[in-house]
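Let's take a walk through this model together, starting where its chains meet and then turning to what lies inside one of them.

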There are 2 protein chains.
Amino acid sequence: MRQSQLFGKTSKTAPSDDPSVNARLLERGGFVQKVMAGVYSYLPLGLRVLQKIENVVRQEMNAIGGQEIFMPSLHPKESWVTTGRWSGLDVLFKIKSRHGHEYALGPSHEEVVTPMARPIISSYKDLPFAVYQIQTKFRDEPRVKSGLLRGREFRMKDMYSFHADAADLNEFYERASAAYLKTFKRIGLDAIRTEATGGTFSEFSDEFQIEIPTGEDTIYICKNCEVGKNKEIFSERATCSRCKKNSWRASRGSEVGNIFKLKPKYASSFDLIFTDKAGKKQIVIMGCYGIGISRLMGVLVEKFHDEKGVIWPEIVAPFFIHLVSLDGGQERVGKFAEEIWRALQKQGHEVLYDDRELSPGTKLADSDLLGIPLRLVVSPRTVERESVEYKLRAGQKTQLEKERELSNYLSKL
Amino acid sequence: MRQSQLFGKTSKTAPSDDPSVNARLLERGGFVQKVMAGVYSYLPLGLRVLQKIENVVRQEMNAIGGQEIFMPSLHPKESWVTTGRWSGLDVLFKIKSRHGHEYALGPSHEEVVTPMARPIISSYKDLPFAVYQIQTKFRDEPRVKSGLLRGREFRMKDMYSFHADAADLNEFYERASAAYLKTFKRIGLDAIRTEATGGTFSEFSDEFQIEIPTGEDTIYICKNCEVGKNKEIFSERATCSRCKKNSWRASRGSEVGNIFKLKPKYASSFDLIFTDKAGKKQIVIMGCYGIGISRLMGVLVEKFHDEKGVIWPEIVAPFFIHLVSLDGGQERVGKFAEEIWRALQKQGHEVLYDDRELSPGTKLADSDLLGIPLRLVVSPRTVERESVEYKLRAGQKTQLEKERELSNYLSKL
């Protein structure tokens with residue numbers, strides 16, 4: 001992609017008044033644009049990051065047998081009345097149509113997925129299974145803050161599992177937990193599985209927390225096991241559920257996922273039953289599993305940045321290579337850059353090519369701001385040596401590489 | 001995918017009361033499930049079709065330089081007041097939050113994309129460009145009908161183009177039109193570009209109509225050119241805009257796309273201006289381009305079905321091969337089917353493998369209902385000959401093919 005044609009402009013100052021690192025850098029870099037408090041548009045660079053995160057999540061959910069579905073955002077009021085959440089969930093957006101229909105705007109999908117399973121489950125042979133979706137969610141938050149970390153509209157992956165008994169739920173719950181840790185690890189984050197309350201869903205839940213100084217939660221992490229407890233359930237005498245020791249360090253965490261054992265909670269509201277092996281009617285046992293996709297994008301920026309801009313992990317970076325032409329008006333430099341660009345594309349690399357007519361200082365500052373993993377600079381100096389200058393965004397030193405050795409270099413990365 | 005584990009069950013009767021072909025077959029096949037009037041969930045089979053349609057659309061929009069973005073569903077009331085559509089568009093869903101904020105729930109995105117472009121456009125050098133998204137849309141329809149053809153919540157691809165003058169818009173408009181015809185052609189549909197009124201957007205528009213007997217529009221098609229006029233702008237003396245002749249046949253069409261020249265309409269509401277080459281301020285000229293993605297899925301079913309079920313075009317089929325094991329309780333048949341399944345997967349084919357313990361009649365009827373292009377049957381008869389029976393869903397005759405020749409056969413398809 002030629003940067004001169006890219007929809008999105010960098011800016012030296014963040015247009016919005018949100019002081020969080022992720023809001024400032026994502027808006028300045030032209031990844032997102034704030035539409036209003038807690039509501040963002042994703043520009044091409046930001047959408048590429050979002051889609052890459054979604055694809056990793058999708059792969060890992062498929063790997064544990066999750067089947068992708070897509071449920072609507074408009075939910076019938078009746079289903080939310082059935083579970084008591086029409087009046088019980090204060091962040092629920094409610095819509096009244098001009099014809100008198102009333103809808104909830106989905107903040108989560110238990111009220112849709114549970115009745116959906118009714119015509120599909122009749123016997124124990126129909127269990128277990130898990131379905132998930134990647135969908136926009138809505139919450140009527142009293143206060144929004146911290147860019148993508150807490151919005152009124154955001155992207156979520158939500159999975160729901162259905163089981164014949166608690167033992168089967170427990171087994172899948174641990175597999176889902178392992179898949180979560182793997183998902184976060186793949187995008188560069190060491191998540192800490194953290195015990196917490198279950199809110200309206202269940203007695204307890206497990207959160208997946210990323211340690212960052214600006215994290216909204218106080219968590220206590222076992223010094224032996226790297227598992228945690230949220231402050232809300234922590235007591236001085238708490239022992240680690242894994243090693244049984246009482247040796248904690250306090251930290252700040254930002255939650256990127258959470259998993260709940262719903263047990264019969266929603267299934268009993270909707271009379272979701274099956275016939276067991278003995279021919280007896282039983283209530284289905286459920287679990288639910290969320291990952292905040294857009295929140296994850298914000299947390300990545302909070303975790304991976306320096307004073308100059310974002311430093312994207314390669315797997316979610318909008319492009320792998322940022323090719324920057326500093327031609328200083330010299331035609332042979334521009335021509336050399338175009339050649340390199342074509343060669344890189346031919347090799348199948350994802351390249352953002354900065355062909356804009358701007359000063360070297362501006363272009364290099366923009367490159368740092370965008371945080372693409374590998375920067376290749378073509379300038380009069382490099383052209384003289386038939387080379388390009390390369391620098392990893394996460395590293396310090398720049399080096400020269402001969403053009404003909406470049407593909408060799410890239411293949412070794 | 002093993003059909004025994006697939007989330008979704010076929011049924012002999014359509015659960016909903018919608019008499020349209022697409023609603024009946026899509027619900028019976030377990031592609032979609034009706035949540036309430038005009039609102040559907042997509043089950044794994046249906047979502048695969050939807051995603052395949054989206055990918056073709058995405059490829060063709062990228063091919064004409066469209067850049068993918070993602071805008072929110074919650075829109076600020078102020079923007080809709082600015083364009084006069086807060087009170088002027090009767091199908092607009094409105095939301096009032098418990099904190100007194102008012103939002104529109106996006107039925108289209110001119111009110112977001114136009115102000116979004118303001119910080120990005122300043123000079124003629126920033127033009128032209130086109131951005132698009134694939135997003136859920138909401139319309140407070142008084143009456144919903146015909147399954148996926150008219151809903152309150154549906155999937156759309158909407159593109160917006162920005163130009164310095166009308167000539168540039170006209171040029172892009174024709175490129176977009178050609179891309180639309182190509183998109184529909186690739187998924188098996190001969191769309192007819194049909195002149196129509198522009199509604200609230202513009203004086204005229206061009207619709208892309210698919211001829212089906214159940215189509216909701218009456219259209220007149222030039223007998224020479226295969227371009228059309230919608231009844232709403234047709235007169236007895238109308239001449240074809242291409243060949244200038246007056247020779248029409250009346251037909252029924254279902255609209256799957258429409259394109260509009262907005263000209264300065266929305267840009268002037270939001271003061272979207274640029275500085276031209278002479279240093280003068282000018283209003284940006286815009287176009288907008290929609291494709292009803294979920295509607296297209298419904299139209300495909302209306303077009304491609306028989307009394308037994310859907311007949312998916314290969315490019316959007318949920319799977320390419322339906323492998324059906326009719327083992328009649330014989331272990332060696334099941335084993336042979338498993339072997340074939342593994343071999344097909346190894347070759348990279350998308351296979352739905354019907355490993356369910358059901359009667360041959362039920363399984364073959366389900367196969368016809370699901371409409372997967374190629375059916376491979378393994379039965380005691382075929383195992384004896386070390387072969388499988390193959391049948392194209394769109395064809396009549398079944399044939400036997402030796403197992404070892406199967407990959408050869410598949411590579412020739």
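The two copies meet through the same surface, because 100% of the interface residues of chain B are also interface residues in chain A. Keep in mind that this is a predicted model, in which local features need pLDDT of at least 70 and side-chain atom pairs count only at pLDDT 80 or more, while totals for chains, interfaces and linings use all residues. As for labels, residues are numbered from 1 along each chain as its sequence is written, and chains are lettered from A and ligands numbered from 1 in the order in which they are written.

How many residues does each chain bring to the contact? Chain B gives 41 residues and chain A gives 41 residues, with two residues counted as in contact if their C-beta atoms, placed from the backbone, lie within 7 Å. On the side of chain B that touches chain A, the elements giving two or more residues include helix H2 (44–63), helix H5 (110–117) and strand S7 (129–138) of chain B. Helices (H or I, at least four residues) and strands (E, at least two) are DSSP runs, numbered from the N terminus. That side of chain B divides into 26 nonpolar, nine polar and six charged residues. Here Ala, Val, Leu, Ile, Met, Phe, Trp, Tyr, Cys and Pro count as nonpolar, Asp, Glu, Lys and Arg as charged, and the others, Gly among them, as polar.

Now for how the copies are arranged.

Next, look inside chain A. Helix H2 (residues 44–63) and helix H6 (residues 166–186) of chain A pack at an angle of about 155°, their axes 10 Å apart. Axes are lines fitted to C-alpha atoms, for helices over the stretch in contact, and angles run from 0 to 180 degrees between N-to-C directions. This makes H2(A) roughly antiparallel to H6(A) (angles over 145 degrees count as such). Among the residues making the contact are Val56(A) and Met61(A) of H2(A), along with Ala179(A) and Arg186(A) of H6(A).

Finally, zoom out to the domains. An automatic or database domain assignment gives chain A domain 1 (3–306) and domain 2 (319–412). Five residues of domain 1 of chain A are in contact with eight residues of domain 2 of chain A.

Definitions and conventions. Parallel < 35°, antiparallel > 145°, perpendicular 65-115°, else oblique.
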